[in-house]
Amino acid sequence: MNIYILHSPSIEAIPSYTATDCFHALKDHFSSITEIDLPALSKLSRKACDCLILPYKTGNIPATTITHIMTLHEQGMSILILGDVPHHDCWYPIRNNYAFEMHLTRYQDAVRLRQLSPVGKEILGDIDFSSFHDRDITALRITGFPEDVTHNLLEADMGDWRLPCLVAIERKGERFAGSRLAQVGFSGGEPREVAAGVYPMEWTYDIGPLTREWETMDVIVRRLVQWCEPHVDASIHITPVHKENESCAREVRIHNPSQHPQEINQLRLELIAGDKTEVLQSWEKQKLEVGEHKVLALVLNTEHQAVLKRPGLHSLRLVGIRNGKNHEFHQTTEHIVAASASSNPVGFGFSSHRGYKEATQSKEDKHFIKELMKRGCQYGRMNVPWEEIEPSPGEYNWGLTDDMVAFADEQKITIAFWLFPTTRGSGLGDVGIPAWTLKEPAIDRDGNAGNYPSLWSPFYREHYFTMLKEMAKRYANAKSLDRIIVDFGNSDFPYGYYYYVNDKTLFDYSPHERKAFARYLTDKKQLSFEQISNLYGENILSEVDIPVPYVEQNEPWALYLEFRTWTLQDGIDQAQKIIKQYAPAKTPPDPPGHGLGSLSDLGTNWYDIKRRHWNEEQALSAHNPELTRWHCAAPFWGGEAWQVGGGYQEFDEALFSAIRFNASYNTVPGPDLNVMGEDIARIGYIRRSIMDAERPHPEIAVMGLGAWDDFHSLPNFAARTDIGIDYIHRSHRFDFSCYKLFVLPSETSPVNRTSTGGGGSLLLPIDQAYGELLLASVEKGTNLLLFPKTCPINVPSSLGLPLRQVAGLEDIIYGPSIERTISFPNEFGGGQLHGKCHSIQATAKDEVLLSDTNGEAVLIRRSHGTGSFLLAGWDDAENLIDDFHYFETAYASEHSLLRIARYLGLKERNIRTGNAVILKDKLSRGKEEFFVAFSHLEQTEEVSVEIRLDQPSSSALDMATGETFPLNVLENGWYKFHIQISPRKGRYLRFS
């Protein structure tokens with residue numbers, strides 16, 4: 001094997017592991033090793049080189065040289081990168097590296113190195129990795145494009161993440177015909193701010209394992225070079241995700257990337273089902289010889305193709321003998337969606353955060369999109385950098401967007417344009433607002449100019465809105481363009497000094513911001529100067545005296561956060577009006593249209609409820625639409641996982657929420673930054689198989705604080721019960737009598753936030769109209785549960801009478817909160833609970849439902865119409881009588897909420913698990929029925945599930961794993977099965 005190592009004065013390697021180190025590691029083990037400089041590299045021939053090694057940290061490699069390297073790669077030359085992917089000019093920005101040109105995705109994140117993976121042990125052998133065990137490093141994540149197979153050689157994780165930073169990539173696509181690429185990654189370099197020229201920060205990097213001080217590094221290099229030696233290869237070519245009965249080509253291809261004829265013997269294609277293996281097709285009697293750079297295509301027999309037509313997962317493996325040894329060439333899965341599945345044309349897609357090198361869509365970008373579509377994607381949300389469209393004020397370049405539309409038309413796919421004007425140097429695809437928009441920048445409290453204009457900059461607003469108008473006019477009738485998604489600004493990082501780690505309490509203190517905030521207080525909030533003076537604790541006589549507050553000024557700061565949220569929404573409103581005026585067919589129904597930034601949150605339930613009650617809410621709030629308004633909420637809504645780049649495990653919880661709450665669309669975020677083709681296919685298959693299935697309307701609703709890390713909260717408990725709940729938001733206004741039990745939050749006080757969209761808001765609306773809506777719902781049959789601090793009687797309100805006055809509950813008097821033991825009668829399930837609790841002084845109008853062991857009332861009921869008010873003495877926020885923690889508690893049948901539900905006659909209608917503390921639901925679409933579950937427990941639980949089905953069924957298939965579960969028939973349409981639920985691994989069962 002002929003090996004070349006790049007060693008050039010213009011190219012800098014990692015100082016701790018250079019080209020010289022690499023040469024010394026190989027010289028006694030390989031006979032042909034040559035060092036080559038950059039000019040000679042551009043003239044290298046395939047006959048001279050079998051493996052090219054690139055020790056690389058920084059230094060400009062011309063695009064023409066990269067093109068030449070990839071031509072050699074197409075001809076079978078392998079590549080080993082020791083460090084970063086080559087780039088030009090600035091080190092950090094994604095747009096400046098050659099990852100896409102090399103059919104790689106590249107991103108970076110913190111990882112904790114554990115041990116070698118099984119494939120790592122196979123390739124690298126038994127090496128000493130103890131120096132890096134449990135060490136946190138910042139490392140590259142590198143993956144090959146689909147159809148390539150990326151092997152992660154290290155088991156590395158940080159929390160939920162499993163990130164490849166030492167990889168071996170088998171090229172399975174047509175272009176590179178069996179070539180190989182490996183990389184030992186590190187990360188660091190110019191921070192985003194430095195790269196964008198906006199702020200001087202230290203240029204640092206983490207070398208990871210790339211150090212000569214660790215002797216094993218030489219062994220890793222030698223064994224990766226051995227693995228890179230060109231050998232004859234074979235691969236399975238299918239459409240990974242497609243509907244039942246769709247015509248799809250299936251074939252096996254044999255590639256020979258070496259420079260000599262090679263052969264494969266005893267080749268066979270196997271179908272793997274659990275512990276069973278079936279040979280689909282065999283070429284064992286054929287000697288398959290392939291000349292250099294040739295591809296031999298073997299088409300599957302018709303009778304064997306018929307085996308693959310059944311809906312479900314079909315795991316295929318290609319094995320044979322190479323160089324006298326048994327060898328597994330390729331394993332992949334064909335995912336077949338049932339013909340009866342939803343025909344929603346835009347239920348699953350991807351989002352691009354790319355910064356393009358030129359104002360055109362490259363051939364690599366088009367290839368990548370085609371491969372994603374084969375894996376179930378139906379649309380692409382394409383990031384359109386404003387700086388590409390309007391490089392200088394008033395001058396437009398539509399080359400990139402014209403290309404995107406033309407390619408989408410040609411491929412018959414759906415796309416959306418997404419304009420997300422973000423801080424310069426933010427690193428989100430390394431694109432942002434044009435530099436020239438900083439004519440009127442935001443400034444921090446110390447007077448430093450930021451890397452984002454003031455959101456109230458007249459210059460910024462004029463140019464942004466004019467650009468949107470020109471875009472809308474140009475693409476108003478573009479056939480493949482589904483929508484034009486427009487945000488307005490980025491509230492998180494108006495300065496961009498430290499991006500994610502910056503001080504999120506800075507915000508903007510520009511003159512434009514101050515004037516707008518003053519108008520907001522006087523015009524929007526209609527506060528008098530006396531009230532404003534009381535807020536600030538100083539004498540304010542006119543608008544010019546009103547300053548932007550600092551975070552330590554509590555009350556004004558809460559109003560300022562509210563103002564920032566309103567500012568963004570106001571900007572989005574204006575942008576939406578422009579799109580609607582000039583391109584009405586491209587206006588998203590869920591403004592701004594990009595969906596939720598974290599689809600896996602419990603709050604996703606809010607959007608499902610918005611969708612179900614949309615028309616009713618619009619009618620109820622017609623006089624004041626702000627009452628029910630919520631970001632991205634509409635009859636059509638969706639979103640993505642929070643992670644930018646990741647694998648199936650990172651996206652699984654978002655997939656679960658999208659399915660459970662019937663999101664209209666589910667986006668995989670930023671796959672161009674990191675993607676595993678098999679993972680995308682599995683998500684696409686599950687999503688498209690179950691989407692548009694509905695959960696039954698719950699009989700219980702809970703309002704409160706359901707943050708993911710509020711482990712004891714009532715919403716987090718209620719969402720995991722077998723009864724099922726709706727998690728209600730303050731913006732919901734409809735007839736709540738559809739619920740038999742509605743639980744209000746224990747706290748009514750404001751919740752302040754200081755990051756994304758962070759405005760202070762009440763958990764429970766305190767306007768009189770809301771109280772009257774609740775009262776009417778109770779009169780029709782709702783039982784409304786209140787806690788001692790729910791809308792307390794002594795809170796003044798300028799919005800009319802608060803709830804307790806509206807409902808006539810002023811006479812409810814609470815005693816002290818002390819340690820009490822509550823005994824429950826049989827109708828509440830019996831037994832006792834102990835903890836702090838208030839006593840309640842009952843009146844003649846009240847029925848005492850529960851008392852403590854001293855005979856003092858702790859739960860009373862006051863009837864109203866056909867419903868009632870339930871007043872509890874305990875406080876759900878502190879969980880004083882309910883011992884619950886959704887990471888630790890496996891079963892929770894004795895919780896006070898379930899006891900009250902039992903008293904009201906509310907039972908499990910569709911699922912019985914003994915109230916295992918997992919998220920779960922039964923879903924239905926026509927005659928098809930599904931069971932979905934997701935656990936946040938720290939341990940795996942064996943759960944016995946009883947489910948009521950409308951259709952007779954004998955088994956259930958988990959579409960995530962391919963496992964089949966037999967069903968035991970119970971009574972009255974109920975069935976039983978046992979299943980293991982592991983932490984953060986969704987279960988998606990289809991019954992048949």
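Y886 and F887 are both buried, where buried means under 20% relative accessible area, exposed over 50% and partly exposed in between (1.4 Å probe, protein chains only). The structure is a predicted model, in which local features need pLDDT of at least 70, side-chain atom pairs count only at pLDDT 80 or more, and totals for chains, interfaces and linings use all residues. Residues are numbered from 1 along each chain as its sequence is written, and side-chain values use heavy atoms, with hydrogens and water left out.

A search of the whole structure gives 50 aromatic pairs. Rings of Phe, Tyr and Trp (its six-membered ring) pair if their centres lie within 6.5 Å; planes under 30 degrees apart count as stacked, over 60 as edge-to-face and the rest as tilted. Y886 and F887 form an edge-to-face pair, with 5.0 Å between centres and 75° between planes. R720 lies over the face of Y886, 4.1 Å from the ring centre. A charge sits over a ring if NZ of Lys or CZ of Arg is within 6 Å of the ring centre and within 35 degrees of the ring normal. The charged end of R899 sits over the ring of F824, at 4.0 Å from its centre. One aromatic cluster is formed by W386, W436, Y452, F459, Y460, Y464, F465 and F488.

The whole structure holds 11 cavities of 30 Å³ or more. A cavity is a set of points, on a 1 Å grid over the protein atoms alone, where a 1.4 Å probe fits but cannot get out; lining residues have an atom within 4 Å of a point. Grid points are joined across faces, edges and corners, and a volume is the space filled by probe spheres set on the points. The largest cavity has a volume of about 160 Å³. It is lined by 15 residues, of which D722, I723, G724, N910 and D921 are the closest to its centre. Strand β43 (residues 919-925) gives the largest share of this lining, 3 residues. Strands (E, at least two residues) and helices (H or I, at least four) are DSSP runs, numbered from the N terminus. The lining of the largest cavity has 5 nonpolar, 3 polar and 7 charged residues. Here Ala, Val, Leu, Ile, Met, Phe, Trp, Tyr, Cys and Pro count as nonpolar, Asp, Glu, Lys and Arg as charged, and the others, Gly among them, as polar.

The second largest cavity has a volume of about 140 Å³. Of its 15 lining residues, Y379, A416, D482, R483 and Y665 are the closest to its centre. Two or more lining residues come from each of β24 (379-383), β25 (414-419), β28 (481-486) and β30 (665-669). By class, this lining has 7 nonpolar, 5 polar and 3 charged residues.

N915 is found in the loop between β42 (911-912) and β43. N915 counts as buried because its relative accessibility is 8%. Its contacts (heavy atoms within 4.5 Å) include T721, D722, A890 and Y891, not counting residues up to four places away in sequence.

Most residues other than glycine have a negative phi, and most peptide bonds are trans. N662 has a positive phi of about 50°. N662 lies in the loop between α17 (648-660) and β30, and is buried at 7% relative accessibility. Phi of N245 is also positive, near 75°. N245 is exposed, with a relative accessible area of 61%. A cis peptide bond joins P146 and E147, with omega about 20°. The bond from P591 to P592 is cis, with omega near 0°.

Terms used. 1 Å grid on protein atoms, 1.4 Å probe; cavity = no way out; pocket = protein on both sides within 12 Å on 5 of 7 lines; lining within 4 Å.
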